[in-house]
Amino acid sequence: MDYLALLYRYYPEDNALRRMLLHHSRQVCTRALQIVDRHPELGANRALVEAGAMLHDIGIFRTDAPGIHCHGTAHYLLHGIIGAQLLREEAELLRQKAEHEGSTSSLQEEDVTFYEALARICERHTGTGLRAADIRALQLPLPAVDLLPETVEERIICYADLFHSKSHPLRFLTAEQVAERVGRYGEEGLYTFRRWQAQFE
């Protein structure tokens, strides 16, 4: 999959937003692939982790977050949902192209499945994941459904993302700094982070 071509389609200008997004995505990708390479016993799909890490924030351009050069209208918390929607639309375009060409090869079905896996990574990478009960209790502007990373690829990318901030791209957070940030939102998220830390480090 040519994930850079896909990113450039949604971020066509070489501007501060695209440069920030690429820098952050490459940071997350590097850390995520290190985990994959160190832990073959996890059985993670390396290609999916690479593409997912590079595309997990593809939806930020539609959000209102001027501090990171995003001048859209949606609440920033929706960027994962937006990214998932974009990738599912890409999958639908693949299906339509296959139907138009009269081809239903397994390769195209694999492509569609890959896009769905990427969409799930987008919508499930916020913090250590979001629970429907928390979304309702905190009145977050999100659908009140569980958005928790479930597959190993989703968990690896979610974990790697915690160490890198888009608003401070040159700062690398230590595990204790991440734990402190995650812990502000409750014991469950902190427990999840510590469990991932034990598994991935």
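Let's call a residue buried when its relative accessible area is under 20%, exposed when over 50%, and partly exposed in between (1.4 Å probe, protein chains only). The model here is predicted, so local features need pLDDT of at least 70 and side-chain atom pairs count only at pLDDT 80 or more, while totals for chains, interfaces and linings use all residues. Residues are numbered from 1 along each chain as its sequence is written, and side-chain values use heavy atoms, with hydrogens and water left out.

Start with the core. A nonpolar core is a set of buried Ala, Val, Leu, Ile, Met, Phe, Trp, Tyr and Cys residues joined through side-chain atoms within 4.5 Å. The largest one has 54 residues, and Leu55, Ile58, Leu87, Ile156 and Phe193 have the most contacts inside it. H2 is the top contributor, giving ten residues.

Phe193 takes us to helix H9, where the buried residues are Gly189, Thr192, Phe193, Trp196, Gln197 and Phe200. They sit on the same side of H9, because they cover an arc of only 140° around the axis, taken from the directions from the helix axis to the C-beta atoms. The face turned away from that side carries the exposed Glu187, Tyr191 and Ala198. What do the buried residues of H9 pack against? Their partners are helix H2 (16-38), helix H7 (152-161) and helix H8 (175-183), with contact meaning heavy atoms within 4.5 Å.

Now for the charges. The structure holds 15 salt bridges, each a side-chain nitrogen of Lys or Arg within 4 Å of a carboxyl oxygen of Asp or Glu. Arg131 is buried at 16%, whereas Glu188 is partly exposed at 48%.

Another pair, Asp57 and Lys166, comes to 2.9 Å between closest N and O atoms. Asp57 is buried at 0% relative accessibility, and Lys166 is buried at 12%. Asp57 also makes a side-chain polar contact with His79 at 3.0 Å; such a contact is a pair of N or O atoms within 3.5 Å, one able to donate a hydrogen and the other to accept it within protein, and residues adjacent in sequence count only if both atoms are side-chain atoms. His79 itself is buried at 4% and belongs to helix H4 (residues 79-100).

Methods: Helices (H or I, at least four residues) and strands (E, at least two) are DSSP runs, numbered from the N terminus.
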